[in-house]
Amino acid sequence: MNIMHGNLLQLNTGLIIAMMMLPSTPIHATAPPSSALDEAVVITGWLQTQDLTMVGAVVTIEVNGETQSTTVPESGRFEVSLPADVEAILRFEKPGHLPKEVVVDTHHVNDGGFDGRTRHVKFAVILELARRMGGLTYPGPVGSLGFDKDGGCLAVAHDRSLVPVDRNKVMVF
């Protein structure tokens with residue numbers, strides 16, 4: 001290994017470690033009036049984009065008709081805290097990329113002996129460049145996270161189907 005390659009390898013390793021140590025961007029959803037827990041589920045996620053930068057990347061969460069948005073730091077790491085008994089929609093957007101949505105259902109989060117404990121879920125989302133998708137887009141959420149009603153176990157589903165972009169939409173002024 002030559003000296004320049006060794007220095008680049010050390011620099012890359014140092015950058016990766018530094019990015020892992022960056023703080024995440026937290027989003028806290030408001031609990032419905034009947035909820036007993038403020039943080040029944042904490043989601044830690046990592047967003048990646050095909051253009052390898054987080055400039056302009058946003059995570060939006062919708063819970064109980066309220067929406068909160070935050071920019072994603074260069075590390076791509078974000079956190080979302082959700083109360084029990086809600087359905088939330090996480091939307092990931094970045095200019096030039098296909099947006100993605102993930103549905104998180106916290107009903108049954110306390111079933112199966114998990115009462116009073118904050119559950120932690122980790123996942124990653126990759127946003128593809130729109131120009132590389134051949135005029136296709138996602139017809140709805142690309143995934144869902146929930147908890148099994150019989151035991152509170154995490155249930156995950158994916159939907160990677162794509163449909164043609166509707167270019168003949170009616171424009172409203």
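The following exercises, each with a worked solution, examine the predicted model of one protein chain.

Residues are numbered from 1 along each chain as its sequence is written.

**Exercise 1. Describe the overall make-up of the protein chain.**

Solution. Begin with the elements, which are DSSP runs numbered from the N terminus: helices (H or I) have at least four residues and strands (E) at least two. The protein chain has one helix and twelve strands. Along the sequence, the pattern is α-β-β-β-β-β-β-β-β-β-β-β-β.

Next, consider burial. A residue is buried under 20% relative accessible area, exposed over 50%, and partly exposed in between (1.4 Å probe, protein chains only). Of the 173 residues in the protein chain, 36% are buried.

Finally, consider contacts, meaning heavy atoms within 4.5 Å. Among contacts between residues at least 6 apart in sequence, 70% join residues at least 24 apart.

**Exercise 2. Determine the order of the strands in the open sheet, and identify its edges.**

Solution. Two strands pair if DSSP finds at least two bridges between them. Six strands form the open sheet, in the order β4-β3-β6-β7-β10-β11, with mixed pairing. The edges are β4 (66-71) and β11; each has a single partner strand, so one side of each is left without a neighbour in the sheet.

Strand β3 (residues 58-63) and β4 run antiparallel and are joined by six bridges. Within β4, Thr-67 stands opposite Glu-62.

**Exercise 3. Explain why strand β10 is largely enclosed, and describe its pairing.**

Solution. Strand β10 covers residues 143-147; four of its five residues are buried, so it is largely enclosed by the rest of the structure.

On one side, strand β7 (residues 100-105) pairs with β10 in the parallel sense over three bridges. Here Val-102 has Gly-143 in β10 as its bridge partner.

Strand β11 (residues 154-158) runs antiparallel to β10, and five bridges join the two. Gly-146 stands opposite Ala-155 in β11. The hairpin of β10 and β11 has six residues between the strands, and Gly-152 there takes a positive phi near 75 degrees.

**Exercise 4. Identify the residues that touch the most other members of the largest nonpolar core.**

Solution. A nonpolar core is a set of buried Ala, Val, Leu, Ile, Met, Phe, Trp, Tyr and Cys residues joined through side-chain atoms within 4.5 Å. The largest one has 32 residues, of which Ile-43, Leu-47, Phe-92 and Phe-123 touch the most other members. Two or more residues each come from β2 (41-49), β3, β5 (77-82), β6 (87-93), β7, β8 (119-127) and β10. The largest share, four residues, comes from β8.

As an example, take Phe-92: not counting residues up to four places away in sequence, its contacts include Leu-47, Val-58, Phe-78, Val-102 and Phe-123.

**Exercise 5. Is Lys-94 buried or exposed, and what does it touch?**

Solution. First, locate Lys-94 in the loop between β6 and β7. Its relative accessible area is 6%, so Lys-94 is buried.

Then list its surroundings. Leaving aside residues up to four places away in sequence, Lys-94 touches Thr-49, Asp-51, Thr-53, Met-54, Val-55, Gly-56, Ala-57 and Leu-127. A polar atom of the Lys-94 side chain lies 3.1 Å from the backbone oxygen of Thr-53.

Conventions:
Predicted model: local features only at pLDDT ≥ 70, side-chain atom pairs only at ≥ 80, totals over all residues. Heavy atoms only, no water. Polar contact = N/O pair within 3.5 Å; in protein donor to acceptor, adjacent residues only side chain to side chain.
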